[in-house]
2 protein chains.
Amino acid sequence: MLTVETLQSLAKPGENRETRQPTKSVLLVLDGLGDLPHPEYGFRTALEAASRSHLDQLAKEGVCGLLDPVAPGITPGSGPGHFALFGYDPLAVNVGRGVPEALGSGFNLQPSDLAIRGNFCSVFRENERIADRRAHRPSDERCAHLCGLLQQVSLGQAAVYVQPVSEHRFLLVLRGQGFSPELTETDPQTLHVPIPEARPLRPTARLTAEVVNAFAQRAYEVLQPETVIGGNGAAYPEERYGVLLRGYGKYPSLTTLPEIYGIRCGCVATHPMYKGVALLVGMDLLGDAHQLSEQLAVLEEYWDGYDFFFVHVTYTDKAGEDGDFLRKAAVISEVDALLPRIRALDPDVLVVTGDHSTPALLKSHSWHPVPVVLWSRHCGRDRVEEFTEAACAGGALGRFRGLELMPQIMANAGRLEKFGA
Amino acid sequence: MLTVETLQSLAKPGENRETRQPTKSVLLVLDGLGDLPHPEYGFRTALEAASRSHLDQLAKEGVCGLLDPVAPGITPGSGPGHFALFGYDPLAVNVGRGVPEALGSGFNLQPSDLAIRGNFCSVFRENERIADRRAHRPSDERCAHLCGLLQQVSLGQAAVYVQPVSEHRFLLVLRGQGFSPELTETDPQTLHVPIPEARPLRPTARLTAEVVNAFAQRAYEVLQPETVIGGNGAAYPEERYGVLLRGYGKYPSLTTLPEIYGIRCGCVATHPMYKGVALLVGMDLLGDAHQLSEQLAVLEEYWDGYDFFFVHVTYTDKAGEDGDFLRKAAVISEVDALLPRIRALDPDVLVVTGDHSTPALLKSHSWHPVPVVLWSRHCGRDRVEEFTEAACAGGALGRFRGLELMPQIMANAGRLEKFGA
């Protein structure tokens, strides 16, 4: 197996053969890009339905394939999907989602901290069984208010930090010693059952389970006086708030991309999760963009200072999750229209792909492989002429594991030595 | 993962269904076969530009694909590329090039020997910095003369064996006890710096580093009186000779192809490196051919005595390394013209591929996958009609790791049992 150590031993400075400048690579990730033929839209995928003139041109000039972010048949979360794209084995680097979200939100996470993703839920006052796993999606303002209450919880064995994320989502960090992320989640993923306790998956996690359960119990108490109010302003007097905890994680010790390849890496993302993963692999967070065109402006602004850029487009995934086929296609069309701005920067390597599929038809992440196009001056050739799932299946990249993408980007950027004599 | 032990447990005698004779397989390796579209030659690859009527016929009748010798993105040396083709994981079997070169040159390498690839270089007498990493490519005669001087070096901890290879290249074997190949090379790959010393990569290699550095120092002294003379006869009086050492290796302990599959294996190669790799995996060296047509004659002569033949064509790689697109295409055309002689022998399995790509455009080995065609009476079918990189991308073999080729050859030769009931 190709290890991080082997890659590190092969890394060398990459230089454009003509300009003698360090080579630059762009990895453009359309979150949840892969799609399925939709019976209500002429059995086309969102990618097939989108305007794709620039993406198709890239496919003609580049080499294409289908990528399994984690492994064939495995539906990736966004964290594993991105770790794979950055060349890490997502089966080995399974960081709880709390960690990248904490980092991406600017929280100064310490190595001994336990980061947790929390959701506010609601339970029936009568029987304490779960009524809504998202507490009727409170407004961001209400989420912040409820987080203020949680921040009042104090525990003997841990300092407590609570931070609102959005709607029902918050971030919890327990600062103490000897914490382990190897616990069961307290989200039962179903309704009309009591909120379960966290159970240790190993004996070394017993203390952590006690602390987590103590937090959940105290949170339940401090939230007790609050009336449950949904995002639409409706009140649910027969319910009360609770918390569901998942995505336990500690700061992992990773060999970063700068350490492996000697490259300066910049991230142009809009959401904390992706910023957090980028920080974990050694990227700098660039700019403060919210819209796609703003992200492009950030890329242009920082172009000279970096060797590798990760540009994350979140809206494809959101549209897919909402089952909104036309909006997903529209986001792809928007990316297509902006692609010339990236090519105008004259990158040495340009890759467009996704971190997983989110077919609008399924309204969720899925296991389907993701189309990928890789362009460089020396990428070789195949017969693919359009950037669609079906066309990419016949490309020269073949069907391959996500973690095999990064070495191919670095090879095309002239940044890997020969292996063996 | 498919291990050598699993393959060994599945191996069985293979028999041609009609003749009841043991099946015969031919693996024809065109070194550095893979190529890139060349802008000066109509954006064709050398393979696309070559006469390919017999190779295309084989592609029509057989199944095609693209092979990554080591892993996607990794540029293989010739040693790792060939180990992969023979079914070994090149990331696990990374034998220093000194070993196959020593064996292939007929040196009787012992298990405790340290084999080293040496280059004569030249340094400026004034400041002892490297002037030419190849000592202006001395003639073979001069190389032999200089090796004679090196043979006079005597070291306390090791017996020294020096053997000329060609031009600036020589082979050094240190015979002693406790030697480790885990040292840094003393070739800095650049000019105008002093020759670095070998450094141990692990504490257990400290003694070896001392011995290697002692040899380099003594070599520097015994070469001191010699005038540097280039291959064209020009003298460089302001320079003196030195040696650069790399490719450290010890005799690896491999389960050989005869041991795994119970096959008699013959190698028809012209160069020591390839002969050496063949010996390491248990092949007999057949004949003493230099030209391609002579190699075919050797194949014909030994046809009856073996089950598996490895035929190595070195000239494709040399043309690619020289950036000579037309010569590379001409070598491929020559192979194509001789292919009917191989088919006339009626092999049960015939595979044509390369050990890596050497695009004439890049003048070096590269990371690009290598086209492969596999033919047997029961190989199945795809829609590939020509043997080119782009066409092979759509073939039934897909894109796969080099070490997965050999089991497919053995399967087509009827030499692998069913796995499980």
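Author: What follows takes confidence, cysteines, a helix, a glutamine and cavities in turn. This is a predicted model, in which local features need pLDDT of at least 70 and side-chain atom pairs count only at pLDDT 80 or more, while totals for chains, interfaces and linings use all residues. Residues are numbered from 1 along each chain as its sequence is written, chains are lettered from A and ligands numbered from 1 in the order in which they are written, and side-chain values use heavy atoms, with hydrogens and water left out.

Reader: What pLDDT does chain A average?

Author: The average for chain A is 96, and 100% of the residues score at least 70. pLDDT is the predictor's confidence in each residue, from 0 to 100. The model scores are ipTM 0.88 and pTM 0.90.

Reader: How many disulfides does a search of the whole structure find?

Author: Zero, over all chains. A disulfide is a pair of cysteine sulfur atoms within 2.5 Å.

Reader: Why do Cys147(A) and Cys392(A) count as buried?

Author: Buried means under 20% relative accessible area, exposed over 50%, partly exposed in between (1.4 Å probe, protein chains only). Cys147(A) has 3% relative accessibility, so it counts as buried. Cys392(A) has 0%, so it counts as buried too.

Reader: What makes helix α4 of chain A largely enclosed?

Author: Seven of its eight residues, 78–85, are buried, so the rest of the structure largely encloses the helix. Among the buried ones are His82(A), Phe83(A) and Leu85(A). Helices (H or I, at least four residues) and strands (E, at least two) are DSSP runs, numbered from the N terminus.

Reader: What do the buried residues of α4(A) pack against?

Author: Their partners in chain A include strands β1 (25–30) and β2 (63–68) and helices α9 (272–280) and α14. Just after α4(A), Gly87(A) has a positive phi of about 95°.

Reader: Is Gln408(A) buried or exposed?

Author: Gln408(A) is at 4% relative accessibility, so it counts as buried. This residue sits in helix α14 of chain A. Beyond neighbours within four places in sequence, its contacts (heavy atoms within 4.5 Å) include Leu374(A), Phe400(A), Pro72(B) and Arg399(B).

Reader: What makes a space a cavity?

Author: On a 1 Å grid over the protein atoms alone, a cavity is a set of points where a 1.4 Å probe fits but cannot get out; lining residues have an atom within 4 Å of a point. Grid points are joined across faces, edges and corners, and a volume is the space filled by probe spheres set on the points. The structure has five cavities of 30 Å³ or more.

Reader: What lines the largest cavity?

Author: The largest has a volume of about 220 Å³. Of its 23 lining residues, the closest to the centre include Cys379(A), Arg381(A) and His368(B). By class, eleven are nonpolar, seven polar and five charged. Ala, Val, Leu, Ile, Met, Phe, Trp, Tyr, Cys and Pro count as nonpolar, Asp, Glu, Lys and Arg as charged, and the others, Gly among them, as polar.

Reader: Which element gives the most to the lining of the second largest cavity?

Author: α4(B), with three residues. The second largest cavity holds about 60 Å³ of space.

Conventions: On a 1 Å grid over the protein atoms alone, a cavity is a set of points where a 1.4 Å probe fits but cannot get out, and a pocket is an open set with protein on both sides within 12 Å along at least five of seven lines; lining residues have an atom within 4 Å of a point.
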